[in-house]
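Please read it alongside the structure shown below.

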Amino acid sequence: IALYRELAEKAIDRVNREAYREAAEYLKRMRELYRSLGESHVWEEYITALRAQYPRRRALQEELDLAGF
């Protein structure tokens, strides 16, 4: 989980739509790992905080929406 989180956050820091799509793929893997551990609530807290951290990055928000977060 920590590795996917780091990769996702590094992708987000590149600030372009393709990187945001890449981040979404890592985030999907994170979500599945949290679900398999029975810790969906931790995932929900993380993705909510991530969205709140970047409210003005419309492309990121759109990619997160497309990924179903």
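Ile1, Leu33 and Leu37 make a nonpolar surface patch of about 230 Å². Patches consist of residues with over 30% relative accessible area and no salt bridge, with like charges joined within 9 Å and nonpolar side chains (Val, Leu, Ile, Met, Phe, Trp, Tyr) within 5 Å; a salt bridge is a side-chain nitrogen of Lys or Arg within 4 Å of a carboxyl oxygen of Asp or Glu. The model is predicted: local features need pLDDT of at least 70, side-chain atom pairs count only at pLDDT 80 or more, and totals for chains, interfaces and linings use all residues. Residues are numbered from 1 along each chain as its sequence is written, and side-chain values use heavy atoms, with hydrogens and water left out.

**Surface patch and accessibility**

- Leu33, one of the patch residues, is found in helix H2.
- With a relative accessible area of 32%, Leu33 is partly exposed; buried means under 20%, exposed over 50%, and partly exposed in between (1.4 Å probe, protein chains only).
- The protein exposes about 4500 Å², and carbon and sulfur atoms supply 48% of this area; accessible areas come from the Shrake-Rupley method with a 1.4 Å probe, and for residues only the protein chains shown count as cover.
- Of the 69 residues in the protein, 35% are buried.

**Overall fold**

- The secondary structure comprises four helices and zero strands, where helices (H or I, at least four residues) and strands (E, at least two) are DSSP runs numbered from the N terminus.
- The order of elements from the N terminus is α-α-α-α.
- The radius of gyration of the protein is 11 Å, which agrees with the value near 11 Å for a compact globule with 69 residues; this radius is taken over C-alpha atoms, and the globule rule is 2.2 Å times the number of residues to the power 0.38.
- The C-alpha trace spans about 30 × 20 × 20 Å along its principal axes.
- Among contacts between residues at least 6 apart in sequence, 54% join residues at least 24 apart; contact means heavy atoms within 4.5 Å.

**Aromatic pairs**

- Three aromatic pairs are found in a search of the whole structure; rings of Phe, Tyr and Trp (its six-membered ring) pair if their centres lie within 6.5 Å, and planes under 30 degrees apart count as stacked, over 60 as edge-to-face and the rest as tilted.
- The Tyr4 and Tyr26 pair is stacked, because the ring centres are 6.4 Å apart and the planes lie at 25°.
- This pair links distant parts of the chain, with Tyr4 in helix H1 and Tyr26 in helix H2, 22 residues apart.
- Tyr4 is partly exposed at 23% relative accessibility, whereas Tyr26 is buried at 17%.
- Trp43 and Tyr46 form a tilted pair, with 6.2 Å from centre to centre and 40° between the planes.
- Trp43 and Tyr46 are separated by about one helical turn, because they are three residues apart in helix H3 (residues 40-53).
- Trp43 is buried with a relative accessible area of 3%, and Tyr46 is buried at 9%.
- Trp43, Tyr46 and Phe69 are linked into a cluster by ring pairs.

**Charged residues and their contacts**

- Arg31, placed in helix H2, counts as buried at 13% relative accessibility.
- Apart from neighbours within four places in sequence, Arg31 contacts Trp43, Ala67, Gly68 and Phe69; Trp43 and Phe69 also belong to the aromatic cluster.
- Glu22 lies in helix H2 and is partly exposed, at 30% relative accessibility.
- Not counting residues up to four places away in sequence, Glu22 touches Ala11 and Arg14.
- Glu22 and Leu7 are 15 residues apart in sequence, and their C-alpha atoms are 8.9 Å apart in space.
- Glu63 is found in helix H4 (residues 58-66) and is buried, with 6% relative accessibility.
- Leaving aside neighbours within four places in sequence, the contacts of Glu63 are Arg17, Tyr20, Arg21 and Ala24.

**Backbone feature**

- Val15 is found in the loop between helix H1 (2-13) and helix H2 (17-36).
- The phi of Val15 is near 50°, a positive value in a residue other than glycine.
- Val15 counts as partly exposed, at 46% relative accessibility.
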